[in-house]
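Please look over the sequence and the structure first.

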Amino acid sequence: MNSGRILIVDDNEDLLKAARMFLKRHFSQIDLEKDPTLLPDLLKNQSYDVILLDMNFTQDVNSGAEGFHWLDQILEIDPSAVVLLITAFGSVDLAVKAIKAGASDFVMKPWENEKLLATLLSAMKLKSSKTEIQQLKDQQAVLTADLDEKFKDIIGQSPNMMQVFDTIDRVAETDANVLVLGENGTGKELIARSLHRNSKRADNPFVSVDLGAITESLFESELFGHVKGSFTDAKTDRPGRFEVANRGTLFLDEIGNLSLPLQAKLLTALQNKKITRVGSNRVIDVDIRLICATNMPLYEMVQKGEFRQDLLYRINTIELRLPSLKERIEDIPLLASHYLTQYAKKYNKDIYKFSEAAMTRLGKYHWPGNVRELQHAVERAVIMSRDNILQPEDFFFNAAQQPKENSGEISLEQYNLEDVERILIRKVLAKHNGNVTHAAQELGLTRSSLYRRLEKYGL
């Protein structure tokens, strides 16, 4: 017994009864209807896997016009409907016309029961595929809507970031190749995704490749694909990233890590817009929008002969430089608050803000790891804090990461009393891993007195 729901629309009552008698042994629901004018109301209240629709009713003996009319009505109500047209006056031309009009198949009557059953089962599989595809499209639409705020997850209001947003606005809709430059942790992939989401290719794939993680031996297989048996582990045919990204965007991260031989192979593919899978001679056309990123000094590498100049010209039609976090310190409160909300929810912590002293400390730190380091610092603080307000002691930075002026080296001939007090407090806090209670005890201060000094010095 198949769980399918079948609707049969025909003005021949004997045919309807015979069809139900046979099909009820194979499907869970068989509905019959003699009057096609009732179809709109019927379909608005019920969903069917397959609809068997007669082409000729009493008003029109053999032209099939009525069948085509009601086929259009059904597909207007439910574009994903699977409709099988049935008639005793079929022809090849009529069958072709029916398929072009949206029918899934064509059945002649009188039919053979087993042949009818096979046709219905095939139509059921088609309906299942259509439903699955529509569900995937619906899911993708929801995910895309969630992501498609104009600069989703790119947080910033500083002048430097406003320049970045302006460049994305002007460049995204073009197919120009873009090179994104910036230190590690600045969010280069977020920029690449934003360029894709705001482009004409947004409905097609965005494929990200970390070139720094691909070995030379696997480079061609990963980017261009391979055929079964082309090397030891090639047990099936596999498309490369170029093929997967076809009609979409290909993001090549860490492009500065490519060796010169691999740069030559990449350049050839980009120039020809064609690739060949490893182990195959068949040339495959590819249509991609290319975005590359690196934290390496490509222009210096060109001068040293470490990076091909012609490849650099190919990938940097537009060059977009991301500022480091210390170049956009105005954005630190905005970023920190965003991550606080995110991680307080994730770890179910009732933490809702930073103290003024904590925010001052974040603003004075030099953030060598940029936004990624800030994100991790806030996450750690949320996990470790016992209060509902993050304090300076919730943020502990490794001494090796502190700038030189914070190293704790002190000469009484060069520093005034406040400088001595600030450095002494910092050294004692570091000694006690940021524990204010223990630091206050060692300094001979009350906890509240130490907090006042922390706020005063921005520690």
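## Local features of the model

Lys-97 lies over the face of Phe-68, at 4.8 Å from the ring centre. This and every other value in the report comes from a predicted model.

### Aromatic pairs

Six aromatic pairs turn up when the whole structure is searched. In one of them, the ring centres of Phe-206 and Phe-251 are 6.1 Å apart and the planes meet at 25 degrees, so the pair is stacked. Phe-206 belongs to strand S7 (residues 206-210) and Phe-251 to strand S10 (residues 249-253), so the pair ties together parts that are 45 residues apart in sequence. Phe-206 and Phe-251 are both buried.

Another pair is made by Phe-354 and Phe-395, whose ring centres are 6.1 Å apart with planes at 20 degrees, so this pair is stacked too. Phe-354 is in strand S15, while Phe-395 is in the loop between S16 and helix H16 (417-431), so the pair links parts that are 41 residues apart in sequence. Phe-354 and Phe-395 are both buried.

The two pairs are set out below.

| Pair | Distance between ring centres | Angle between planes |
|---|---|---|
| Phe-206 and Phe-251 | 6.1 Å | 25 degrees |
| Phe-354 and Phe-395 | 6.1 Å | 20 degrees |

Elsewhere, one aromatic cluster is formed by Phe-219, Phe-224 and Phe-242.

Helix H13 (residues 332-346) has 15 residues. From its first C-alpha to its last, H13 reaches 21 Å, close to the 21 Å expected at 1.5 Å a residue. Its buried residues are Ile-332, Leu-335, Ala-336, Tyr-339, Leu-340, Tyr-343 and Ala-344. Because these residues cover an arc of only 155 degrees around the axis, they are on the same side of H13. An α-helix has 3.6 residues a turn, so residues three or four places apart point the same way. On the other side of H13, Thr-341 and Lys-345 are exposed.

Which elements cover the buried residues of H13? Among them are strand S15 (353-354), helix H14 (356-364), helix H15 (370-384) and strand S16 (389-390). After H13 comes Asn-348, which has a positive phi, near 55 degrees.

In H14, the buried residues are Ala-357, Ala-358, Met-359, Arg-361 and Leu-362. The cover over these residues includes H13, S15, H15, S16 and helix H18 (447-457). Lys-364 is also found in H14. With a relative accessible area of 54%, Lys-364 is exposed. Lys-364 and Leu-459 are 95 residues apart in sequence, and their C-alpha atoms are 8.4 Å apart in space.

### A buried lysine and a buried glycine

Lys-127 is part of helix H5 (residues 113-147). Is Lys-127 buried or exposed? Its relative accessibility is 7%, so Lys-127 counts as buried, the cut-off being under 20%. A polar atom of the Lys-127 side chain lies 3.4 Å from the backbone oxygen of Ser-80. Apart from neighbours within four places in sequence, Lys-127 is in contact with Tyr-48, Asp-49, Asp-78, Ser-80, Ala-81 and Val-82.

Gly-185 is in the loop between strand S6 (178-181) and helix H7 (188-197). Its relative accessible area is 5%, so Gly-185 is buried. Residues up to four places away in sequence aside, Gly-185 touches Gly-369, Asn-370, Val-371 and Arg-372. Gly-185 and Ser-324 are 139 residues apart in sequence, with 8.4 Å between their C-alpha atoms.

### Positive phi in loops

Most residues other than glycine have a negative phi. Arg-247, although not a glycine, has a positive phi of about 70 degrees. Arg-247 is placed in the loop between helix H9 (241-244) and S10.

Lys-273, a residue other than glycine, has a positive phi near 55 degrees. The loop that holds Lys-273 runs between helix H10 (260-272) and strand S11 (274-276). At 56% relative accessibility, Lys-273 counts as exposed.

Definitions and conventions. Residues are numbered from 1 along each chain as its sequence is written. This is a predicted model: local features need pLDDT of at least 70, side-chain atom pairs count only at pLDDT 80 or more; totals for chains, interfaces and linings use all residues. Side-chain values use heavy atoms; hydrogens and water are left out. Helices (H or I, at least four residues) and strands (E, at least two) are DSSP runs, numbered from the N terminus. The expected span of a helix is 1.5 Å times one less than its number of residues. Buried means under 20% relative accessible area, exposed over 50%, partly exposed in between (1.4 Å probe, protein chains only). The arc is that of the directions from the helix axis to the C-beta atoms. Contact means heavy atoms within 4.5 Å. Rings of Phe, Tyr and Trp (its six-membered ring) pair if their centres lie within 6.5 Å; planes under 30 degrees apart count as stacked, over 60 as edge-to-face and the rest as tilted. A charge sits over a ring if NZ of Lys or CZ of Arg is within 6 Å of the ring centre and within 35 degrees of the ring normal. A polar contact is a pair of N or O atoms within 3.5 Å; within protein, one must be able to donate a hydrogen and the other to accept it, and residues adjacent in sequence count only if both atoms are side-chain atoms.
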